[in-house]
Amino acid sequence: MKFTSFRHIIKLSSYLDGKVSNSEEKRIKDAVSENQDSQEVLNLLQQVKTLLKKTPQRKVSRNFLVTEKMVGMKPPIPRSVPVFRMASVTAALVLVVSFTISDVLPTIVGPKAASVALMSQRGEVTAYGVGGGNPDTAPQSAESPLAPEFIGNDEVVPNTESGGPAANMPESLQAENPVAKIDTLDQEEPRFGLDSIQLGILAIAISLLGLAVGIRQYGIIKWRKRS
Amino acid sequence: MDESLLIQDAQKGDLDSFNRLVLEYQDMVFNTAYRIMGEDEEAADATQDAFISAFTHINSFRGGSFKSWLLRTVTNACYDILRKKKRRPTVPLEPISIDGEEIESPSWIADPDSSLEEKSESEELEHAIQHCLNNLPVDFRTVIILADIQEMDYKEVASATRKPLGTVKSRLARARLRMRECLQDFWELLPSKFRLESRDTS
């Protein structure tokens, strides 16, 4: 075995780290004991290895923690955001339904039916309205000026055009008379636009939307400050 | 701390778990980067880059030694910075003597009367080692740092440097010999307990 060759130095280096086979180890041991040069090279390698093992470890001057911004993660969504997101969707749905009832429905089913539907929605049609109702709630008093007409469910309500008693009533009474009110509506244009309830719903919907957007923005700002 | 659990959590995207691993390994990673780069600032950059890259690619970790995997990451980060440096070479701010010559390794000989005596033995040793490491080609340097300073297995070094085992053995042997030659030059400066013995000096 030639000890001056670089190949042998590599073997000595591996031997130093215990990375040679058993047979190779025995051969190197014999060679080192017999050859002075080989022994010296092994000592040199050993010295360097020992010295490097003693290399002092430096203390880090700062932490190397990884932030969300560094790795491009999206900002965390605040816990309340899903709730407000749901609220926004609900508000939007309520808004759509409300507009459908008030504006779209009249154009589809006709102004008169829509007016009745609108009144039904508001609870203004009572038992003695169109199509009958609960006769128990209808006034049955004989003293009532309309008593003869309110006989039962099968009774047809006369309108003002046929010269019924409602037409002959004074204006003050007509104002209180629901039958007269229905007939009056028949002649009016259907109402479009928003009433106070719809405006309220619209205001709530817009507020909820604003609140949801605001909370999301707040969450993003807070996350940016933190990171 | 259960390392495997933290790794699993980190693989699911839990940054807090990963940061616990960062706190555990940052000294080792920074020291490796410092030995390869030879400068604090660049070592810090490489360390941070390595941790960011490690988190981004943590799903590619398929078990085994997390330390080795992390050291491979930091080695790559160091190589990247060194490549960039090579493309855009910068002039180091070396002190210049009265004669206009550059003073090499000013920490060693800037003020020999006062500083050398005051420095602790470990500091002197560290400077000697770092000086000699800096003189090695970067491939040799990396191998000797991983094998002898970080005490990694040959296979782990091969994995970290993506070189065959034979290449690692060869580079390590060469690097050790070169280090020995270089450190011999600092024989006088090394603390007595660290002095290298040789046939010439005995």
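Predicted model: local features only at pLDDT ≥ 70, side-chain atom pairs only at ≥ 80, totals over all residues.

Staying with H4(B), the next point is burial. The buried residues of this helix are Phe66(B), Ser68(B), Trp69(B), Leu70(B), Leu71(B), Thr73(B), Val74(B), Thr75(B), Ala77(B), Cys78(B), Tyr79(B) and Ile81(B). Their cover comes from several helices of chain B, including H1 (3-11), H2 (15-37), H3 (40-56), H8 (138-149) and H9 (154-161).

Take one residue as an example. Thr75(B) sits in helix H4 of chain B. Is Thr75(B) buried or exposed? Its relative accessible area is 0%, so Thr75(B) counts as buried, the cut-off being under 20%. Leaving aside residues up to four places away in sequence, Thr75(B) touches Thr142(B), Leu146(B) and Ala160(B).

Now one of the covering helices, H2(B). How do H2(B) and H4(B) cross? Their axes come within 10 Å, at an angle of roughly 40 degrees. The two helices are therefore oblique to each other, and the crossing is right-handed. On the H2(B) side, the contact is made by Leu21(B), Tyr25(B), Met28(B), Val29(B), Thr32(B), Ala33(B), Ile36(B) and Met37(B). H4(B) contributes Phe66(B), Lys67(B), Leu70(B), Leu71(B), Val74(B), Cys78(B), Ile81(B) and Leu82(B). As for spacing, an α-helix has 3.6 residues a turn, so residues three or four places apart point the same way. By class, this contact of H2(B) with H4(B) has 14 nonpolar residues, one polar and one charged.

Last, a pair in chain A. Helix H1(A), residues 6-16, and helix H2(A), residues 22-34, have axes that come within 11 Å and cross at roughly 110 degrees. That angle makes H1(A) roughly perpendicular to H2(A). The crossing is left-handed. Which residues make the contact? From H1(A) they are Lys11(A), Leu12(A) and Tyr15(A), and from H2(A) they are Glu24(A), Glu25(A), Ile28(A), Lys29(A) and Val32(A). By class, H1(A) with H2(A) gives four nonpolar, no polar and four charged residues.

To set the two pairs side by side: H2(B) with H4(B) has one charged residue in its contact, while H1(A) with H2(A) has four. That is where I will stop.

Notes. Residues numbered from 1 in each chain as written. Chains lettered and ligands numbered in written order. Heavy atoms only, no water. Buried < 20%, exposed > 50% of the residue type's maximum accessible area, 1.4 Å probe, protein only. Helix = DSSP H or I, 4+ residues; strand = E, 2+ residues; numbered from the N terminus. Contact = heavy atoms within 4.5 Å. Axes fitted to C-alpha atoms, helices over the stretch in contact; angles between N-to-C directions. Parallel < 35°, antiparallel > 145°, perpendicular 65-115°, else oblique. Left-handed = near helix turned anticlockwise from the far one by under 90°. Nonpolar A, V, L, I, M, F, W, Y, C, P; charged D, E, K, R; others polar.
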